[in-house]
Amino acid sequence: MRIHILLLIAARLMAQPPAQDVYRTPSRVVIDGKLDDLAWHQAPVFSDFHFNDWKEGEKEKTDARMLWDDKNLYVAYYCRDKHISAYVTERHGPVSKDDCVEIFLSPNPQKAPNYYTFEINAIGTMLNRCRTDWWRGPATWDPEGVTYRTSYFGQEKKDEAPGDDHWIVELAIPFRNFVKDAAHTPPIEGDRWRLNLQRTGGRTNRQNSSWSPIEPPNRGFHSPEAFGTVRFVDRTPPKPAAR
């Protein structure tokens with residue numbers, strides 16, 4: 001009986017959505033799709049992504065990081081990938097058909113269904129949605145002032161190539177886009193947001209993965225009840241220990 005209870009407790013703990021601290025950027029972040037700024041080297045990496053509907057194929061790793069300052073939330077993805085393909089070039093086009101990353105942000109943790117999406121493929125085409133109880137516009141949404149770059153930004157297409165190894169997305173999202181939902185813009189020490197970070201694969205080894213696991217009966221990325229939590233910390237990241 002005791003073993004059974006312990007197993008139940010362990011299962012519940014494993015099912016808890018993940019949480020992550022997001023620190024102030026210790027230095028300038030240049031949005032160029034390279035992630036070679038000192039700030040990104042100091043930013044903690046989010047925990048591993050979950051392959052929610054995996055059946056077969058390679059589980060290619062995604063390293064995600066976040067930072068913030070008084071103006072922007074900074075997000076970085078480093079996607080290990082041996083088969084990179086992207087063809088959608090139309091603004092608000094179906095980028096999830098390509099190698100694509102997505103971030104779904106809910107600035108009010110008490111109202112997770114109020115969320116905003118930023119979906120970007122490997123050649124830099126972006127799709128945005130504003131799924132909130134106040135938005136009265138079209139299905140898509142145009143945020144203000146977002147800057148971003150990808151490894152193949154601006155190309156007409158990206159075909160798979162023998163040298164494919166990884167691709168990068170880097171973006172800065174102004175906090176002013178969230179004034180209707182966030183308690184504070186910019187955040188203050190201890191503010192919490194709900195969010196999920198996702199990735200879809202291209203034509204080969206098409207996998208879907210997410211930072212916060214999406215458990216049945218939920219299936220798609222548009223599952224705010226499955227969002228994890230980030231806490232804003234008003235100090236720079238701790239420096240990595242010397243080796």
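Asn 205 is found in the loop between E9 and strand E10 (208-210); strands (E, at least two residues) are DSSP runs numbered from the N terminus. The model is predicted, so local features need pLDDT of at least 70 and side-chain atom pairs count only at pLDDT 80 or more, while totals for chains, interfaces and linings use all residues. Residues are numbered from 1 along each chain as its sequence is written, and side-chain values use heavy atoms, with hydrogens and water left out.

Phi of Asn 205 is near 50°, a positive value in a residue other than glycine. At 21% relative accessibility, Asn 205 counts as partly exposed (buried is under 20% relative accessible area, exposed over 50%, partly exposed in between, with a 1.4 Å probe and protein chains only).

The structure holds one cavity of 30 Å³ or more. A cavity is a set of points, on a 1 Å grid over the protein atoms alone, where a 1.4 Å probe fits but cannot get out; lining residues have an atom within 4 Å of a point. The largest cavity has about 90 Å³ of space, a volume being the space filled by probe spheres set on the points. Of its 13 lining residues, Glu 60, Arg 199, Gly 201, Asn 205 and Gln 207 are the closest to the centre.

## Other backbone features

His 92, in the loop between E3 and E4, also has a positive phi, near 65°, and is not glycine. The peptide bond from Thr 185 to Pro 186 is cis, with omega near 5°. Pro 186 lies in the loop between E8 and E9.

## Nonpolar cores

The largest nonpolar core has 39 residues, and Phe 118 and Leu 197 have the most contacts inside it. Such a core is a set of buried Ala, Val, Leu, Ile, Met, Phe, Trp, Tyr and Cys residues joined through side-chain atoms within 4.5 Å. Among the elements that give two or more residues to this core are strand E5 (115-121) and strand E9 (192-200). Another core, of 10 residues, lies apart from it and includes Val 29, Leu 35, Ile 168 and Ala 172.

## Cysteines

The structure holds zero disulfides (a disulfide is a pair of cysteine sulfur atoms within 2.5 Å). The sulfur of Cys 79 is 9.4 Å from the closest cysteine sulfur, in Cys 100, which is too far for a bond. Cys 79 counts as buried, at 0% relative accessibility. Cys 100 is likewise buried, at 0%.

Terms used: Helices (H or I, at least four residues) and strands (E, at least two) are DSSP runs, numbered from the N terminus. On a 1 Å grid over the protein atoms alone, a cavity is a set of points where a 1.4 Å probe fits but cannot get out, and a pocket is an open set with protein on both sides within 12 Å along at least five of seven lines; lining residues have an atom within 4 Å of a point.
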